[in-house]
Amino acid sequence: MKKRLSAVLACCLALLMVLSACGSQESEPSAAPTAAESDPGTAPSAESSEEPAAEPVTITYCNFNSSGGNEETLQRMYEAFHEEYPNITVEIETIAIDDYFTQMQTRIVGGTAPDCFEMNIENFAAYANMGVLAPIEGVDLSGLDETALSAFTVDGVQYGLPGNFSNVVLIYNKDLFDQADLEYPTSDWTQDDVQAAAEAIRALGDDIYGYYQPLTYNEFYKACAQFGGSLLNEDRTEFTINSPENVAAAQMMADRVLVTNVQPTAEQMGGMGDWDLFMSGRLGMIPTGIWAFNTFAEGCDFAWDIAVEPGMEQKATHFFSNACVVNEASENKDAAMTWITWLCSSPTAAEIRIEAGWDLPAINDEEVLASYLDLTPPDNREAVFESLDYLVVPPVIEDYALMSDIIGQQLEAAAAGTVSVQEALDEAQAQCEAQITLG
Amino acid sequence: MTASPFLLPSFIGLLVFSLLPIVISFFLSLTDWNGLDRIAEAGFFEEHFIGLDNYKAILGGGEFWRVLLNTLKYIVLYIPLMLACSLSVAYLLSRERRGVTAFRIIYYIPVLTSWVAASMIWKSMLSPQYGAVNNLLALFGIDGPGWLLDENWAMPAIVLVSVWKDMGFFGLILLSGMVGINKSYYEAAALDGAGAWKRFWKITLPLMTPAIFYVLVVSLINAFQLFPQIMIMTDGGPNGATQVMVERIYKYGFRYYRMGYAAAFSWLLFIIIMLCTWLQMKGQKKWVNYDS
């Protein structure tokens with residue numbers, strides 16, 4: 001019995017191998033005509049004989065930002081694009097951000113990267129410096145916001161277009177301000193006003209907190225700018241992580257947790273999310289992204305509004321943007337650039353984006369943006385645009401991820417109180433100098 | 001010779017997905033490859049070759065030793081605890097009582113659970129204020145620690161979760177070693193007046209040493225490769241307290257774009273594991289008993 005079984009198995013296996021061998025032999029000749037079909041040169045001439053339209057091309061576009069809710073919005077944008085440019089077919093692939101960059105890396109090395117794709121600001125410079133991105137040329141960029149555009153240049157060359165952007169505003173709980181008998185924040189506020197208000201709100205109850213701005217890398221480089229400091233010197237040849245301005249900024253943030261405790265410690269938070277804390281009505285103010293509006297509108301049973309984020313020496317607020325880039329190795333760069341330019345700057349795409357509440361388009365057409373202001377809450381939506389005057393762009397260098405992890409880790413130690421702020425920043429400075437060569 | 005057609009399919013898989021990458025990774029560890037440049041192109045190796053610089057940088061920097069220490073901290077806590085728990089599980093499950101099969105399944109369920117799902121659940125259970133663990137401790141008047149948020153408790157927390165996850169698997173292996181022991185030894189010992197405790201130490205344990213040896217070798221290798229639970233529960237934090245070898249390799253390769261450096265790091269990990277396993281193999285002559 002056993003013998004027969006193994007004989008049958010061996011036969012099956014042999015058959016399988018023969019079949020697969022046939023398959024590979026067959027597929028080779030058949031692959032040639034398929035390639036010829038998609039080759040624009042020999043494309044069916046029926047259409048092109050009627051009118052001298054551009055040759056049809058198919059390009060691929062990968063993105064992560066539409067994943068988890070906006071896949072259909074992106075598809076609607078593409079359909080509108082395809083009506084305008086019927087000769088360009090875009091195959092859209094959406095990958096969740098957790099896997100996105102690992103996938104892109106392997107695909108680029110393997111030579112199977114899409115013609116154009118989305119990049120976040122952290123990885124953008126690394127890719128641009130390694131020569132895998134094509135310079136954006138021959139397209140009209142006049143419709144795009146200049147600050148946003150400037151974030152995606154390397155040595156004066158434009159390597160990416162801002163597809164969307166968002167910024168950060170101060171969101172506050174009006175009811176808590178009323179209870180503490182305080183004036184609402186205005187765009188003239190500084191961090192000192194924040195501190196005073198936060199202390200008054202903290203006094204309202206044991207588990208009520210004034211302010212929440214964690215001592216993380218992202219919050220830190222912004223606070224540095226508010227205090228007149230920065231992580232790199234002006235021509236980006238040296239780290240200035242432990243400058244006196246930066247130490248003052250980090251000290252203020254750490255003291256709010258460890259000294260005045262207007263901000264909860266990690267243990268007081270107990271693993272609760274910062275947005276959840278705000279929505280529970282126990283937090284006075286939180287500087288956070290405008291993408292919180294929808295969630296807060298649904299989740300808060302108290303009145304809230306927004307203001308431009310308070311600064312110190314100067315105002316500074318976050319700017320987040322993802323870039324659409326073109327693969328240097330692509331054979332259809334022109335079509336790819338046409339698509340991403342349309343996606344980033346056309347009023348049609350912008351309208352679809354605003355209507356879906358999917359970030360803000362990085363355009364300068366105020367008429368299109370105006371429809372964004374009609375939505376409430378928050379009432380003071382103008383603050384979103386007012387904030388654009390104070391944007392800080394992250395200090396993008398090739399080793400951005402490494403730098404942000406080193407600084408982030410040291411700040412974490414300072415926030416926990418295990419080392420002083422000065423020690424933490426000195427250590428971050430030393431580690432960055434040892435591990436990163438600035439170009 | 002007759003076996004070769006049968007071996008071929010899996011050998012090709014092994015060759016393409018394991019052996020070749022291992023060889024290539026060694027050459028990559030001698031380069032400053034960033035993980036994005038095409039390596040198939042001519043002149044790649046000449047252009048990027050930097051000799052042993054990666055190894056020198058790793059061994060010369062403080063990070064490697066700190067991370068190795070974290071890994072050892074995990075091993076020192078994990079292996080004895082895991083062995084004790086697995087032995088207890090094996091002992092309890094070896095007794096023929098009613099419902100023992102149900103318990104065998106229950107202890108094995110964590111093994112079948114994916115690390116990702118298990119880590120997510122444990123992360124929320126270990127939340128200091130709202131988590132189930134600390135609330136349970138509070139019932140007994142114990143003020144639970146910050147677990148994953150506390151530098152001193154993060155690694156012990158990872159150890160506890162890993163023991164929970166692994167004890168079913170290792171317990172099963174030990175159980176098979178335990179039930180394989182000839183019953184007549186126990187009968188003879190009982191006749192000679194040996195109690196349950198003595199029987200366990202003098203008969204069960206010595207005759208189980210091959211199974212225990214296997215568990216030690218496998219669990220040590222696994223411990224050096226500690227990764228998914230770290231990535232999901234702490235991402236190396238707080239303040240680097242749970243940064244371990246594989247976590248660093250992943251970050252350098254896929255986050256910092258220093259693939260050559262990451263390759264060198266993984267070769268060092270390989271050498272460490274080889275050495276430890278070789279030492280265990282040498283040491284087994286002293287205590288493993290193969291004549292049952």
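The model is a predicted one, and its chain A contains 19 helices together with 11 strands. Of the 439 residues in chain A, 42% count as buried. When contacts in chain A between residues at least 6 apart in sequence are considered, 74% of them join residues that are at least 24 apart.

Strand β10 of chain A, which spans residues 317–326, is mostly covered, since 10 of its 10 residues are buried. The pairings of this strand are listed in the table.

| Strand paired with β10(A) | Residues | Bridges | Direction |
|---|---|---|---|
| β3(A) | residues 116–120 | 5 bridges | antiparallel |
| β6(A) | residues 161–173 | 6 bridges | antiparallel |
| β11(A) | residues 391–392 | 2 bridges | parallel |

Individual residues can be followed across each of these pairings. On the side of β3(A), which runs antiparallel to β10(A), Phe117(A) has Val325(A) of β10(A) as its bridge partner. In the antiparallel pairing of β6(A) with β10(A), Pro162(A) stands opposite Ala323(A), a residue of β10(A). Where β10(A) meets β11(A), the two strands run parallel, and His318(A) stands opposite Val392(A) in β11(A).

As background for looking at such pairings, side chains in a regular strand alternate between the two faces of the sheet.

Technical notes. Residues are numbered from 1 along each chain as its sequence is written. Chains are lettered from A and ligands numbered from 1 in the order in which they are written. This is a predicted model: local features need pLDDT of at least 70, side-chain atom pairs count only at pLDDT 80 or more; totals for chains, interfaces and linings use all residues. Helices (H or I, at least four residues) and strands (E, at least two) are DSSP runs, numbered from the N terminus. A residue is buried if 20 or more other C-beta atoms lie within 10 Å of its own, exposed if 12 or fewer, and partly exposed in between; C-beta atoms are placed from the backbone. Two residues are in contact if their C-beta atoms, placed from the backbone, lie within 7 Å. Two strands pair if DSSP finds at least two bridges between them.
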